[in-house]
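I kept each entry brief.

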Amino acid sequence: MTQKTASGNFFEDFKIGQQLAHATPRTLTEGDRALYTALYGSRFALQSGDGFARHLGFRQSPIDDLLVFHTVFGKSVPDISLNAVANLGYLGYAEGRFLKPVYPGEMLSASSEVIGLKENSNKETGVVYVRTHGRNAAGEQVLSYIRWVMVRKRDAGARVGETVVPKLAACVSPADLAPPHGTDYATLFDTTLSGSPHRWDDYSTGEKIDHVDGMTVEEAEHMLATRLYQNTARVHFNQYTEGKGRFGRRLIYGGHVISLARALSFNGLANAVSIAAINGGRHVNPLFAGDTVFAWSEVLDKAEIPHRKDVGALRLRLVATKNRICADFPDKDESGKYPADVILDFDYWALLPRKL
Amino acid sequence: MTQKTASGNFFEDFKIGQQLAHATPRTLTEGDRALYTALYGSRFALQSGDGFARHLGFRQSPIDDLLVFHTVFGKSVPDISLNAVANLGYLGYAEGRFLKPVYPGEMLSASSEVIGLKENSNKETGVVYVRTHGRNAAGEQVLSYIRWVMVRKRDAGARVGETVVPKLAACVSPADLAPPHGTDYATLFDTTLSGSPHRWDDYSTGEKIDHVDGMTVEEAEHMLATRLYQNTARVHFNQYTEGKGRFGRRLIYGGHVISLARALSFNGLANAVSIAAINGGRHVNPLFAGDTVFAWSEVLDKAEIPHRKDVGALRLRLVATKNRICADFPDKDESGKYPADVILDFDYWALLPRKL
Amino acid sequence: MTQKTASGNFFEDFKIGQQLAHATPRTLTEGDRALYTALYGSRFALQSGDGFARHLGFRQSPIDDLLVFHTVFGKSVPDISLNAVANLGYLGYAEGRFLKPVYPGEMLSASSEVIGLKENSNKETGVVYVRTHGRNAAGEQVLSYIRWVMVRKRDAGARVGETVVPKLAACVSPADLAPPHGTDYATLFDTTLSGSPHRWDDYSTGEKIDHVDGMTVEEAEHMLATRLYQNTARVHFNQYTEGKGRFGRRLIYGGHVISLARALSFNGLANAVSIAAINGGRHVNPLFAGDTVFAWSEVLDKAEIPHRKDVGALRLRLVATKNRICADFPDKDESGKYPADVILDFDYWALLPRKL
């Protein structure tokens, strides 16, 4: 009799260059789109109204970029992070790029390559770096990103290979962004319907925006979301076990926080309709049910996109807090330490229409 | 640097005749339909079974009338009621008409015209009356209704125009209802599949029906619903702020109450498959998570529809309570005062099949 | 004036041979599929990825077998079990067969025949046995099962007919299973994408599998699920009434437990992609919100399917617990008595790909 239950990979199971094809291809549909709206209340016009999207040259409203991200991420969990340490200081993302729109009815698959391994000095854990790819049914890449996470060893005595720490780009180059084809955002983008007159040209580097609104999270909501992404990380679902653990309660999936903060950011960034790249992201404190999430953004940079006069990119820092309004833009201190009520520091490129 | 965050209109920002095109067009899909079923458990056959609807001459099951209403209503919130006073005594609806079925895949947009303004004597607030239109992608009106709400002034000293209070019809005329085209309800409507033998002819003016069942509401449910409608009214979502407010907790969107009561009304009104008009509606007490909603109906009137022998209209009063069964039909007293456990008094025209 | 509210059938209303056509035909869509994923986190590849299903010869991913079951079951509640006694010892299923895949867009209807009646000696209740059929819009049977439930009498003095207790098969014969047509599972089934290398051949009779993971249930979740199935059984929804009842709280629909346990069983049975038959099932203790569900399975039998070398059947016992891990396979004792933390004992045939 063989062991039928998957226990996930431990640190010593990973090898540099290893390819992992993740299970359970997933067709995203109008149903997922509706659930995403119900979970976050997102109001970006491109993802909400098919006619708005068609007017811009899209086939219909594409699936929200973060729903694509969470779906691909969820597939990688059973192979990469089932034995992760719930230590927020040691996980992150880099070099994420959204390469093609995903439409309702498209099936996503995911695979990862191990690109870095670093055992910790305690020999009980190590950090695993993977590049994960999401592909549509035609095999085209729709998303690619690097992720790292601290994973337990099955056996502290197990020998592991040499340390490899990949060199990560601090920021995706604007030349590597993939703006929508065959459209003229400057001419065709309706800023009345989109909810804001502010185009790319209206934002300035250094500008900070308090997104004002707050959203309280319930256990049922984050679990519905995380199951929708078929993410099996145990800390999110099992109160029986987590009740006895470090926090005494279920930890909310970090991606849920990103989606909440992104939805809140509509108020101030309504025309930032697409996420083109994830430069980096850190979950700097945990979120629990009952907490209320607030968010603010900072414009880190502005970039033109090669050969495009109609659409521009803003490099945005999206900071989320819990139970703290953001009128004073709560931030890390000079030493890089975050207040206990800051939960997310997320760095991404957004695409916005430019002025004519 | 401009102010990027929308703060909504204040009372002094509104002018009689002002036209407001609301943001975020919204395509309603099979996903929204499924969520609506999950949120309310609605069992009206027309909206549940595509084959039942096709047999009657519909293209497929239309989107539930109230989901159309909530979607259009939600679009108007950022422009009309973001600065509303949570004073249930000063909001209401009138002259609502459902003009065309909306099918999955159709995109709705909304606009409003300011038709009334009345500053309160305290100079700090005023009542705004708007007529709101919902349109499909072809620009056809699918819904039109009047709504009023009390809105704060930004500046108590701001001067405002003359008071205009629109004359509101007490009831939509049966001649203005828009019954389904090209069908014969009397012949084709299957009362076994619909769940009740009682046709239009079987109801009498003055008849009261206790809908018997009760439904307890959870925070996650009303927030999922209200986000699905992209309704951004802050009182529904933010426990951090509301916890310090008047009620100490999140207030449930009034439309959620209407949908709950309507779903409960199936038991007694299973053949009232369409809402043709909203004559009026008042949220007379607030609902909170943990409360259990019950409902009863009264037949206020019966009307034939011009040129139609197959379908008739019932004018119904739908009354909802919280934590109180409706066997004794809880109601306002002679002075018009409602008991504290009555939460809704909603007056609408429903369409039912007639006898052969 | 007639009584408009349906009060359901009481024991004395049922007659042997009686046919009941249940109300509210229901079209299952991509929206229901997405909600099912969000509610349970199910990861079986056949139901998740349309391309995976097409590769095997399906039109697209079929609707999850249990979502079909719950939908058909829900339709029968208003006619069969609205006046059921919430006595878990007296309800069960037998001879359930899934006869045809159901695809998004298909409408299901349900009907039942009364096949058994047995009044209890107290004359206040009796057990009703029905065979329920689910049909698609073409009238083809997609599901058939026997169910029994204890139902109250309206009037203890009412006379009832002779006792008829149907003879129930202990197990559906493998020859009566309906495996998918026109495919070759042995060749075409991709066990990397499905999430497990273990095919039918790899399981042994008597083998037990601890599914390891646990899932905590919230009130909002089980109510969303049960409303999605349009199941109107009152004990699931009404805290006002149930708070005064036997358990002091809402009872979770038994089918929700089956779906939770089935989703957990992925970890160990990832290739058991279809439920072909329900041999029997008992809800041996109630589940309440806040409890955490765990599950284990036992292989009761293995069967070849006539004329098929590519797909085989496993007879599985799926046992679910609350707030108790399943490493020691919690089970009934020699007298047949279950521990208080075992909630489900479910016996079914699953279909798995065989080795080449």
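This is a predicted model: local features need pLDDT of at least 70, side-chain atom pairs count only at pLDDT 80 or more; totals for chains, interfaces and linings use all residues.

The entries below treat the symmetry, the chain contacts, the helices and one proline in turn.

**Entry 1**

**Entry 1. Relation between the copies**

I then repeated the superposition for chain A and chain B. Here, too, I recorded a rotation of 120°, a shift of 0.0 Å along the axis and an RMSD of 0.0 Å. For this rotation A:G31 is again the residue of chain A that comes closest to the axis, with its C-alpha at 2.2 Å.

Between chain A and chain C the copies use different surfaces, as 19% of the contact residues of chain A recur in chain C. Between chain A and chain B the surfaces are likewise different, and the recurring part of the contact residues of chain A is 15%.

**Entry 2. Chain A against chain C**

How many residues does each chain give to this contact? I read 32 residues from chain A and 41 residues from chain C. On the chain A side, β2 (26-27), α1 (30-40), α7 (219-228) and α8 (239-242) are the elements that give two or more residues. By class, I listed that side as 14 nonpolar, ten polar and eight charged residues.

**Entry 3. Chain A against chain B**

For this contact I read 41 residues from chain A and 32 residues from chain B. At least two residues each come from α1, α2 (45-48), α3 (50-55), α6 (191-194), β7 (208-210), β8 (215-216), α7 and α10 (266-269) of chain A. Helix α1(A) supplies the largest share of that side, nine residues. I sorted the side of chain A that touches chain B into twelve nonpolar, 19 polar and ten charged residues.

**Entry 4. α1(A) on α1(C)**

I next examined how helix α1 of chain A meets its counterpart in chain C. The axes of α1(A) and α1(C) are 7 Å apart, and the helices pack at an angle of about 60°. That angle makes α1(A) oblique to α1(C). The crossing of α1(A) past α1(C) is right-handed.

From α1(A) the contact draws on A:E30, A:G31, A:D32, A:A34 and A:L35, and from α1(C) on C:E30, C:G31, C:R33, C:A34, C:L35 and C:A38. I counted five nonpolar, two polar and four charged residues in this contact.

**Entry 5. α1 in chain B**

Is helix α1 of chain B mostly covered or mostly open? I found it mostly covered, with eleven of its eleven residues buried.

**Entry 6. α4(C) on α9(C)**

I looked up a helix pair within chain C. The axes of α4 (residues 65-80) and α9 (residues 254-264) of chain C come within 11 Å and cross at roughly 180°. This makes α4(C) roughly antiparallel to α9(C). Residues C:L66, C:F69, C:H70 and C:F73 of α4(C) make the contact with C:G255, C:I258, C:S259 and C:R262 of α9(C). I recorded four nonpolar residues, three polar and one charged in it.

**Entry 7. B:P101**

Last, I located B:P101 in the loop between β3 (92-98) and β4 (107-119) of chain B. Why does B:P101 count as buried? It has 22 other C-beta atoms within 10 Å, and the cut-off for a buried residue is 20 or more. Leaving aside residues up to four places away in sequence, B:P101 touches B:F58 and B:P62. I also noted B:V68, which is 33 residues from B:P101 in sequence and 9.2 Å from it in space, C-alpha to C-alpha.

Methods. Residues are numbered from 1 along each chain as its sequence is written. Chains are lettered from A and ligands numbered from 1 in the order in which they are written. Two residues are in contact if their C-beta atoms, placed from the backbone, lie within 7 Å. Helices (H or I, at least four residues) and strands (E, at least two) are DSSP runs, numbered from the N terminus. Ala, Val, Leu, Ile, Met, Phe, Trp, Tyr, Cys and Pro count as nonpolar, Asp, Glu, Lys and Arg as charged, and the others, Gly among them, as polar. A residue is buried if 20 or more other C-beta atoms lie within 10 Å of its own, exposed if 12 or fewer, and partly exposed in between; C-beta atoms are placed from the backbone. Axes are lines fitted to C-alpha atoms, for helices over the stretch in contact, and angles run from 0 to 180 degrees between N-to-C directions. Angles under 35 degrees count as roughly parallel, over 145 as roughly antiparallel, 65 to 115 as roughly perpendicular and the rest as oblique. A crossing is left-handed if the near helix is turned anticlockwise from the far one by less than a right angle, and right-handed if clockwise. Copies are superposed by least squares on the C-alpha atoms of residues with pLDDT of at least 70 in both.
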